[in-house]
Number of protein chains: 2
Amino acid sequence: MTEHNSCGHEAASNVEMRHSCIATVPIFNHLTAEEMNEIVKTTNSVSYAKGETIYHAGEPSIGLQIVHKGRLKIYRLSETGKEQLVRILGPGDFTGELSLFSESVNDAYAEALEPVEICAMNRETLQQFLLKYPAISLKMLTEFTSRLLKSEQQSASIAMETVETRIAMYLADQTEEQSTQLITLPMTRKDLASHLGTTPETVSRKLAEFEDAGWIEQERRRKIRVLDLDALLVA
Amino acid sequence: MTEHNSCGHEAASNVEMRHSCIATVPIFNHLTAEEMNEIVKTTNSVSYAKGETIYHAGEPSIGLQIVHKGRLKIYRLSETGKEQLVRILGPGDFTGELSLFSESVNDAYAEALEPVEICAMNRETLQQFLLKYPAISLKMLTEFTSRLLKSEQQSASIAMETVETRIAMYLADQTEEQSTQLITLPMTRKDLASHLGTTPETVSRKLAEFEDAGWIEQERRRKIRVLDLDALLVA
DNA sequence: TTAAAACCTTGACGCGCATCAAGATTCAAT
DNA sequence: ATTGAATCTTGATGCGCGTCAAGGTTTTAA
């Protein structure tokens, strides 16, 4: 909840940073060097300390924000103060898009999990580039369809599966994504619980059950060795 | 689960139908008559009887499908056979987009709620038009951000709110959307329950409670008169 | 018009999981 | 390294809501 720290003054390194940021983002990385320079000029860079709020639900959106360094979480709050973690962003990911096409206020919160550097571009500028370089739109459409798919699966999973199944499915997903048996949870149990629509206590208990059953081994806090994926998914 | 009934033979009326379909769809309706004709030529029309399955999860996607007449529902099935209604489409809405950008299989089911007429366009053709007419992409991006927003709100609501709150919020949404006190539920209690992540029994009970409290009146099956919106939302 | 099928309602019951609480472990900052 | 704060674990308890069941109502199709 502290103020954000704009750092748009150290000219040279700053332009360099913004360039390397744009160059690595999937929605822009097909452009020529010249086209990219044109885009880089329209961006600003901002950095945030760990724990800082990047944006609030209810305030007008700043525009498109591309993560250059660090990780941040997007979450929602219910009226009773419960939190749901929507997604975690890392370098190359972007946010702020919802208000890009429907001039509105943020509907979620963004908070830095680590020191974060961001490139920002306003709504009008992005729309201009979308019309000028149609391929960017296609890349964004691809990104959005993938997010939509994930979000709908998430919703279906919370609506239809038990907590146990959801946790097991999460472990399976992570095993596949990280393509290793020894997975590293990308977040705390509390955040994991809020992502899966349950409580930290229940996550602890279920993981303990999985361990008792011999399906996983917990090493330190964030490390889990998956021993029997099939058994997990059947349960 | 019956076969679909292709009707691509009655030339004249068919082209007419497809044209009026394309002309009324938000993602295309900004085009000139000539551009529209170009698009219409690439489409096929298909019709389905009530109850027919339009597509199955697991089978490869046919491409973009635009609803011209009638209503259909998109739903998912859990591994245990539970159903979640994702959304209901009416004239002007489209589906089949998820696989458009990620050459994959359907992840949900589509079923006709009434006799339905559809205009279909394949993946390659659409991509071609998206590059040729960038404004179409912008319209699709707008549509997708709106769907993504709804889907994330849906997921948050199921994860964080009680069934009672969800039902109350649904009634409030419908009151606003239909801008009347006497709302018409667009689906059966069973489908409503599956949409809200609960059971028909619980929906019945909660609506009865709301009625006892004097907040709503139920008239016939699909009609509900909302008497006290504020009370509903506080509860 | 009529009969069957689908849908809705209400009751009784039980379980999954949230909640509250208290102690143990780990992390972070000085 | 040390201490306080945050996180995690484990237990006890209670209730929201899913499930099963049975009867009533509406819709559908012939």
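Strand 5 of chain A is joined to strand 8 (residues 109-112) of chain A by 4 bridges, and the two run antiparallel. Strands here are DSSP runs of E with at least two residues, helices are DSSP runs of H or I with at least four residues, and numbering starts from the N terminus. Two strands are said to pair if DSSP finds at least two bridges between them.

Before going further, please note that this is a predicted model, in which local features need pLDDT of at least 70 and side-chain atom pairs count only at pLDDT 80 or more, while totals for chains, interfaces and linings use all residues. Residues are numbered from 1 along each chain as its sequence is written, chains are lettered from A and ligands numbered from 1 in the order in which they are written, and side-chain values use heavy atoms, with hydrogens and water left out.

### Strand 5 in each chain

Let us stay with strand 5 of chain A. Within strand 8 of chain A, Glu111(A) is the bridge partner of Lys73(A). Strand 5 of chain A also runs antiparallel to strand 6 (residues 83-89) of chain A, joined to it by 6 bridges, and there Lys73(A) stands opposite Ile88(A). Strands 5 and 6 of chain A make a hairpin with 5 residues between them, and in its turn Gly81(A) has a positive phi of about 90°. Because 5 of the 6 residues of strand 5 (residues 72-77) of chain A are buried, the strand is largely enclosed by the rest of the structure. Buried means under 20% relative accessible area, exposed means over 50%, and partly exposed is in between, with a 1.4 Å probe and protein chains only.

Now turn to chain B. Strand 5 (residues 72-77) of chain B has 5 of its 6 residues buried, and is mostly covered. In strand 6 of chain B, Leu89(B) stands opposite Leu72(B), and in strand 8 of chain B the bridge partner of Leu72(B) is Ala112(B).

### A sheet with a helix on it

Further along chain A, 3 strands form an open sheet in the order 10-12-11, with antiparallel pairing. Strand 10 (182-184) and strand 11 (216-219) of chain A each have a single partner strand and stand at the edges, so one side of each is left without a neighbour in the sheet. On average, neighbouring strands of this sheet are turned by 25° against each other, direction ignored. Helix 7 (residues 200-212) of chain A packs on the sheet and touches strand 11 and strand 12 of chain A, its direction making about 120° with that of strand 11. For such angles, axes are lines fitted to C-alpha atoms, for helices over the stretch in contact, and the angles run from 0 to 180 degrees between N-to-C directions.

### How the two chains meet

How does chain A relate to chain B? A rotation of 180°, with 0.0 Å of shift along its axis, superposes chain A on chain B with an RMSD of 0.0 Å. The two copies are thus related as by a two-fold rotation axis. The superposition is by least squares on the C-alpha atoms of residues with pLDDT of at least 70 in both copies. Among the residues of chain A, Ser155(A) comes closest to the rotation axis, with its C-alpha at 2.2 Å.

Since 100% of the interface residues of chain A are also interface residues in chain B, the copies meet through the same surface. Ser137(B), in helix 4 (residues 134-160) of chain B, is buried, with a relative accessible area of 0%. Neighbours within four places in sequence aside, Ser137(B) is in contact (heavy atoms within 4.5 Å) with Ser137(A), Leu141(A) and Leu130(B).

### Around DNA strand C

DNA strand C is surrounded by 20 residues, the closest being Thr198(A), Thr202(A), Arg205(A), Arg189(B) and Ser204(B). A residue is near the strand if one of its heavy atoms lies within 4 Å of it. Of the atoms of DNA strand C within 4 Å of the protein, 67% belong to sugar or phosphate and the rest to bases.

The table lists polar contacts, which are pairs of N or O atoms within 3.5 Å; within protein, one must be able to donate a hydrogen and the other to accept it, and residues adjacent in sequence count only if both atoms are side-chain atoms.

| Side chain | Atom of DNA strand C | Distance |
|---|---|---|
| Thr199(A) | phosphate oxygen | 3.3 Å |
| Glu201(A) | base nitrogen | 3.3 Å |
| Arg205(A) | base oxygen | 2.8 Å |

Helix 7 of chain A, together with helix 6 (189-196) and helix 7 (200-212) of chain B, are the elements that give two or more residues to the surface near DNA strand C. Helix 7 of chain B gives the largest share, 4 residues.
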